[in-house]
Amino acid sequence: MKAMASAPAKMILFGEHSVVYDEPAIAGAVNKRAFVEIKKSYSNKSILRSFDLKFEVELDTINKTYTLKKGKPGIIRYILEALNRVHDHTPILMNLSSQIPIGSGLGSSAAVTVATLAALYRYHNIRFNKKSLAHDAHMVEQAVQGVASPLDTLVSTYGGLVYLSRKKKFEPLKINFNAPFVVGYTTKHGNTGKMVKDVRTLKDKNPKIINPVITAMGNITNYAKQAIFKKDYKKIGELMNINHGFLDVLGVNTPELSRMVYTARECGAIGSKITGAGGGGSIIALCPGKIEDVAEGISRQDNVLRVKFTKRGVSSRVRW
Ligand code: MEV
């Protein structure tokens, strides 16, 4: 028997970092996915392999450690945490493949966590639904990162475009939003846990400056929600640019991210900003009528990913 699951990457449009302090956020699932397969191992070892991420490890699911056989497993802590919580520690063979660049700010860790948990629940025949899965995946992210909002895991589980309110109320945005975005990413990875902690330190040291910034970021999200429903690209772009400035204030910008953000604007994007935790990773640019110009401009020095929003969230099944 083989248990299989996949979950989508996400793109945060508004609210990264401020969402950690209960401000609202808007994010959408995109058409790049992480895939996990689990089957019984007939040796006495549990092995995790990823051909496309180019690593192989022997897992110690009880002690949450691993022995490296090949490559560099950036995402392993999320998988070990999920296994430790759900798996009975019998030997398994796990395959991971991902279309999402790891550390890109597109929610690779959430997608891998959601897909791993869903595959494990299938493997052990444990009943679950999207609500319980999103909750458990959030617990895994929190355990690994120290602090995490439920945003990434919610989007990866449910799919679609999502608004998370100040009271952490999850609201699927029922709108066909096919805005033309380009994603630019650097090969410098961001570390979400570290970025979230750095922002907290800055906030604790300068509460009178940073608290109003975080509140303003929440207000941006709420204005953006209205603009999204009106499909007012000009307003969305303006709000993206302001939001990027605030993310810079929070210290999560880097020279590479800045380069991509401004290149995108020079090439015709009406808005561009960091997406995700920053410190490396990705930017998004809204570029109606200018997709090719912006993609070409960014790809002169960095990488471009073409993504589309998708309604498809987690999916899982068993094959005998
Ligand atoms: C990371 O994709 C988004 C952050 O807001 C962290 C979180 O929400 O847990 C930076």
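Predicted model: local features only at pLDDT ≥ 70, side-chain atom pairs only at ≥ 80, totals over all residues.
**Pockets, domains and a few buried residues**

Strands β7 (161–164) and β8 (170–172) each supply at least two residues to the lining of the second largest pocket.

By class, the lining divides into nine nonpolar, five polar and two charged residues.

Staying with β7, one of the residues in that strand is Tyr 163. Is Tyr 163 buried or exposed? Its relative accessible area is 7% and the cut-off for buried is under 20%, so Tyr 163 counts as buried. Once neighbours within four places in sequence are set aside, the contacts of Tyr 163 include Pro 24, Ala 25 and Ile 26. They also include Lys 169, Phe 170, Glu 171 and Leu 173. For a distance to check on the screen, take Tyr 163 and Gly 105: they are 58 residues apart along the chain, and their C-alpha atoms are separated by 18 Å.

Next, the domains. The assignment gives domain 1 as 2–174 + 310–319 and domain 2 as 181–305. In the contact between them, 29 residues come from domain 1 and 41 residues from domain 2. Taken over C-alpha atoms, the centres of the two domains are separated by 24 Å.

Now the largest pocket. Which domains contribute to its lining? The lining draws at least three residues from each of domain 1 and domain 2. The volume of the largest pocket is about 930 Å³. There are 49 lining residues, and those nearest the centre are Gly 103, Ser 108, Gly 190, Asn 191 and Thr 192.

Which element gives the most to this lining? That is α5, with five residues. Elements that each supply at least two residues are β1 (2–14), α1 (76–86), α2 (108–123), α3 (130–145), α4 (151–158) and α5 (192–205). The classes in the lining of the largest pocket are 17 nonpolar, 22 polar and 10 charged.

Two serines in loops come next. Ser 18 sits in the loop between β1 and β2 (25–40). With a relative accessible area of 0%, Ser 18 is buried. Apart from neighbours within four places in sequence, Ser 18 is in contact with Glu 23, Ile 214 and Met 217.

The other serine, Ser 149, is found in the loop between α3 and α4. Ser 149 also counts as buried, at 10% relative accessibility. With neighbours within four places in sequence again left out, the contacts of Ser 149 are Val 19, Val 20 and His 138.

Last, helix α9, residues 291–299. Its buried residues are Val 294, Ala 295, Gly 297 and Ile 298.

How values were computed
Residues numbered from 1 in each chain as written. Heavy atoms only, no water. Buried < 20%, exposed > 50% of the residue type's maximum accessible area, 1.4 Å probe, protein only. Helix = DSSP H or I, 4+ residues; strand = E, 2+ residues; numbered from the N terminus. 1 Å grid on protein atoms, 1.4 Å probe; cavity = no way out; pocket = protein on both sides within 12 Å on 5 of 7 lines; lining within 4 Å. Points joined across faces, edges and corners; volume = space filled by probe spheres on them. Nonpolar A, V, L, I, M, F, W, Y, C, P; charged D, E, K, R; others polar. Domains from an automatic or database assignment. Contact = heavy atoms within 4.5 Å.
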